[in-house]
Amino acid sequence: MPRIESDCIFCKIVAGQIPATVVYRNEHVMAFRDVNPTAPTHVLIIPIEHIPSLSHLSPTDETIAGHILLAARTVAEITGVLESGYRLVFNNGPDALQSVGHIHAHLIGGKSMGWPPFPGASVHHG
Ligand code: 5GP
Ligand code: ZN
């Protein structure tokens, strides 16, 4: 049985209950434009199934995990950033400010970016 969470906004987007600008979809993953883009290209790539975060991936999710990365490459081509460059970001858990509990890769491009992606980069290793 596919995993679905009725309270999840991304599951609702998968089900068509919340509209989204879909860039790409196959049986495993879906990609749609972020409603609050941080760059000219800002697309979210999600598994069709509800998996709350990367920390919830298990070895049986190998196919889904692979499809997320393959979709990133496809989305980069569709949105025209394959050559200019793009960044793939998974915010995972509280420190990373994950705000939606359904795995999503942010594919960001179309502008020159800085690194590291947060102010005050620390030299401490934790
Ligand atoms: P997070 O902060 O969890 O890494 O990223 C969640 C992302 O989902 C945010 O960039 C936010 O703009 C986006 N988002 C939240 N709700 C919606 C929605 O209903 N539709 C779309 N297209 N994006 C959403
Ligand atoms: Zn979900």
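This is a predicted model: local features need pLDDT of at least 70, side-chain atom pairs count only at pLDDT 80 or more; totals for chains, interfaces and linings use all residues.

1. One of the pairs is arginine 3 with glutamate 49, whose closest N and O atoms are 2.6 Å apart. Arginine 3 belongs to the segment before α1 (9-14) and glutamate 49 to the loop between β3 (41-47) and α2 (62-78), so this contact ties together parts that are 46 residues apart in sequence.

2. Arginine 3 also forms a salt bridge with aspartate 61, with 2.8 Å between the closest N and O atoms. Aspartate 61 lies in the loop between β3 and α2, and arginine 3 in the segment before α1, so the pair ties together parts that are 58 residues apart in sequence.

3. Taken together, Arg3, Glu49 and Asp61 are linked in a network of salt bridges. Aspartate 61 is buried, with a relative accessible area of 3%; the cut-off for buried is under 20%.

4. Which residue does arginine 73 meet in a salt bridge? The partner is glutamate 77, at 2.8 Å from N to O. Both residues are in helix α2, and because they are 4 residues apart there, about one helical turn separates them. Arginine 73 counts as partly exposed at 41% relative accessibility, and glutamate 77 is also partly exposed, with a relative accessible area of 49%.

5. Turning to the pocket: the largest pocket holds about 750 Å³ of space. It is lined by 32 residues, of which Asp34, Thr38, His42, Asn91 and His106 are the closest to its centre.

6. Which elements give two or more residues to the lining of the largest pocket? They are α1, β2 (29-33), β3, β4 (86-89) and β5 (105-109). The largest share, 3 residues, comes from α1.

7. By class, the lining of the largest pocket consists of 18 nonpolar, 10 polar and 4 charged residues. Asp34, one of the residues closest to the centre of this pocket, belongs to a class that counts as charged.

Conventions. Residues are numbered from 1 along each chain as its sequence is written. Chains are lettered from A and ligands numbered from 1 in the order in which they are written. Side-chain values use heavy atoms; hydrogens and water are left out. A salt bridge is a side-chain nitrogen of Lys or Arg within 4 Å of a carboxyl oxygen of Asp or Glu. Buried means under 20% relative accessible area, exposed over 50%, partly exposed in between (1.4 Å probe, protein chains only). On a 1 Å grid over the protein atoms alone, a cavity is a set of points where a 1.4 Å probe fits but cannot get out, and a pocket is an open set with protein on both sides within 12 Å along at least five of seven lines; lining residues have an atom within 4 Å of a point. Grid points are joined across faces, edges and corners, and a volume is the space filled by probe spheres set on the points.
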